[in-house]
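I'd like to walk you through one interface today, so let me put the structure up.

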Amino acid sequence: MSFLIFETLNKKFGDFVAVRDMSLSVERGEFISLLGPSGCGKTTTLQMVAGLLPPTSGRIVLDGKDITKTPPNQRGLGIVFQSYALFPHMTATDNVAFGLEMRGVGKAERTDRARGALDQVKLGQFVDRYPKDMSGGQRQRVALARALVIEPPVLLLDEPLSNLDAKLREEMRIELRLLQQDIGVTTILVTHDQEEALSMSDRIVVMQQGDVAQIAAPLDLYERPTNTFVSDFVGKTNLIQGQITGDNEVNVDGTRVSVDTLAHTHGSSVTLSIRPEKFQMSDDPSGHEVRVEAAIFLGASWLYRVKGSMGDLFVTQPNTGSAGYAKGDVAWLGWPEGALTLFKGAQ
Amino acid sequence: MMASIQPRKVPYFLTGPGVIFFAALLGAPMVMTLLLSLHSYDFNTGIQPDWTLANYVEVLGDSYFQKIFGRTFGLALLVTVICVLIGVPEAYVLSRLSSRWRSVFLLVVLGPLLISVVVRTLGWALFFGGNGVLTMTAQALGFGDEPVSLMFTFTGMTIALVHVLVPFMVISVWASLQKIDPQSEDAGLSLGASKMTVLRRITLPQAMPGILSGSIIVFALTASAFATPAIIGGRRMKVVATAAYDEYLSTLNWPLGATIAILLLLANIGIIVSYNKLIERRFAKVFE
Amino acid sequence: MQNLGPAARIFHALFVIFILAPLIMVIAVSFTDKGYLSLPTDGLSLRWFRAILDNPDFIDAFWMSVWLAVISASVAVLISVPAALAIARHKFPGRDVISAFLLSPLMIPHLVLGVAFLQFYSTIGLGGSFYGLAAAHVILITPYALRLALASATGLSTDAENAALTLGASKFTVFRRITLPLILPGVAGGWLLSFITSFDELTMSVFVASPATQTLPVRMYHHITQTIDPLIASISTVLIVLTFLVMLILDRFYGLDKIFVGKG
């Protein structure tokens, strides 16, 4: 039996359905991300796990025990809030020691353990600082130490990195993931940042308007999205409308594209998805002819918007040190087998 | 399990003590005052057990009371106008000062609000009295030996009340000036408007809610002011509040005093409510 | 003083003189060495400050005012804090009515309150009692305490409380350890403002106070209507200095402008 189980969780606010029939089984030590745009129900789900919101229906089972009705102060879960929610009138140590105090740990021991936890998140220097005297990154670490020091069975992270600047955010992703693997704590991360979810998780739950759109490991999710929402939301993609005109053949505005059509009926409308970096762009006149409409240099790569008989496409090519294509250039696109994903129906 | 309060009832438990306290000690006295104003009074036998509007007829019909109400209203209007005329420019000046000077002068302008009205009025009484500074100055300048006294005059009351109440105007205008995006003024200048035009067309309209709410505060407080008119105006220059005071504590005609108080309250609430309505209607669309 | 023309500067100077003049006048007169009202032209003297000590009724009135203000401000805060938490953080039927009711004394002239309490207390037999006066003051100052408590409760995010809750704290512990310390500055400011408002109140107290419960403003008012002498000036000077100290505290911690916006 899985460590943490959501059984057809539902949450309604009046007529509005925030979460619909959410079911998920999380293994011990697993890192799960709830990923989706704002309003998709991911934070609502987290709050139900935390006990801060009662589900309208469904059950939450932790380690074999039904905790659906357990009040938040008896669940013992570690939570890092988006705002960090540090206690502004307490030092870093007192913040971290608070949970231990609530568990009746003696003063000397809890100060010791709080300092140990702060050491673990590299804040050994700042044990007596107040939150207002700390940087965003430091506050974030205090919040993490506070959540971890109580040795929670599950760690809940609500957009923990969204208030950090881009560079710090990337460092913290790695650090947080290493720490989590080190401790082995079961973790649920809520985020709208697909890179964050891809880089940290064992599995990702993509949510859309209260529904689960797909649950998969990061690579699977990226390479084999099961619907256009996931393919568009996770990573960038080109969505192309077409019609199946023959075995392994899709007609896009007169251009015939060969792709595996096994699962689809002849003559039906379909949407093709191909990621910008899957294209190979060359001067060799073979493949799909396009004209460059815009060229943007991104440092590590080039981003082009090109126009051809299949319509507008985005193409990413690695920067090899030489000048890229310029506006008005003509080029040819090719792609490897399997780069195209086919979805039923028009977008 | 421990018996716990239903979440739905929690706010009522939290506000309950205040509501009960207020109902008993504010509601009851106010209702009793209203009822008292409906009894007549006899100088020999005291309050009568009858129900009558005679007190209202008397206060509203008697030329003595009409004069007092008229004077109070005129005083409130005049004080409000003067407060607008000097308070609005001062608030603007304050908003233009460097932050260090601004905090110093905010303290100077607002601080007196914390000092007892009795003390502040005493200061003016010292100026206005027969042997006060005004007389000495007039004598020194050769304007004759007659004592110049503003005590017991309308002018004296006006000056002292403006002094007591103008901080409310300044703070109210200051608050709405604070909300103005300073770049909106720069934008006006960049579009070719003169400084004066920016002030008139950009700054002043945005400060209008503050001017209006400052006016209502000053007007209402002047109309019901007691300490300053009592000390500067005295018995000779009565206003509504001092007249009610005399009915209660000198003449002992409580029903009549209660009537004056109820009328003052109604006028006060009427003015505040209609003013608020006006502000809401005129500014609701512009300011959230 | 950037962006200010000479006309604006002169206006500002005159305005400040107008504001300070009566206070300076009071202070000047209190240092006179004469036995009558005059400016201290022949040298400063402290005789009128010493004279305060010979007038125990003023000193009694001062302590009466202090006690009254301490008790009524404390009760007002005790009423206001839970009410502010309910109003700021819960949506419930009747919320607007309750909040308007608790703020309503702001719209009632003090004279009307005085008249109402005078009659009410003499009817129920509490006329002239200290507790009656204190209760009247509580009604009068609760709106001030409530407004500052509301301001800090409204600005308080529930995140920190939720964090404490999930760390295992009981609801009461959350209130005691998190909520209360966080709203404490607003509550203390509300207490201080209530204290001063109560301490300074004249109009209502003139009706409710008896000779046994005379507050300092009432005592001073009765004195001034009889005679204006240097004694009342020296007492006023003491009050100005004390108020100035409180004002510095309030300004330091809250900013006077924030406290007074919408007062009245």
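So, chain A and chain C: between them they bury about 1600 Å², with 68% of that on carbon and sulfur atoms. On the chain A side, the residues that lose the most area to chain C are A:Asn73, A:His89 and A:Phe98, and together they make up 30% of what that side buries. Keep in mind that this is a predicted model.

In terms of residues, 21 from chain A are in contact with 17 from chain C.

Now, the polar side of things. How many salt bridges cross the interface of chain A and chain C? The rule finds 1. That salt bridge joins the side chains of A:Glu101 and C:Arg177, at 2.6 Å from N to O. As for polar contacts, 6 residue pairs between chain A and chain C count, with both residues at pLDDT 80 or more.

Which element of chain A gives the most to the side touching chain C? That's helix H2 of chain A, residues 92–102, with 4 residues. And if you sort that side of chain A by class, you get 14 nonpolar, 4 polar and 3 charged residues.

Last bit, confidence. For the complex, the predictor gives an ipTM of 0.85 and a pTM of 0.80. Chain C has a mean pLDDT of 86, and 94% of its residues come in at 70 or more. Among the elements of chain C, the highest mean pLDDT, 92, goes to helix H3 (residues 56–89), and the lowest, 67, to helix H12 (residues 256–260).

That's me done, happy to go back to any of it.

Key. Residues are numbered from 1 along each chain as its sequence is written. Chains are lettered from A and ligands numbered from 1 in the order in which they are written. Side-chain values use heavy atoms; hydrogens and water are left out. Contact means heavy atoms within 4.5 Å. Buried area is the accessible area (1.4 Å probe) that two parts lose on being put together, summed over both. A salt bridge is a side-chain nitrogen of Lys or Arg within 4 Å of a carboxyl oxygen of Asp or Glu. A polar contact is a pair of N or O atoms within 3.5 Å; within protein, one must be able to donate a hydrogen and the other to accept it, and residues adjacent in sequence count only if both atoms are side-chain atoms. Helices (H or I, at least four residues) and strands (E, at least two) are DSSP runs, numbered from the N terminus. Ala, Val, Leu, Ile, Met, Phe, Trp, Tyr, Cys and Pro count as nonpolar, Asp, Glu, Lys and Arg as charged, and the others, Gly among them, as polar. pLDDT is the predictor's confidence in each residue, from 0 to 100.
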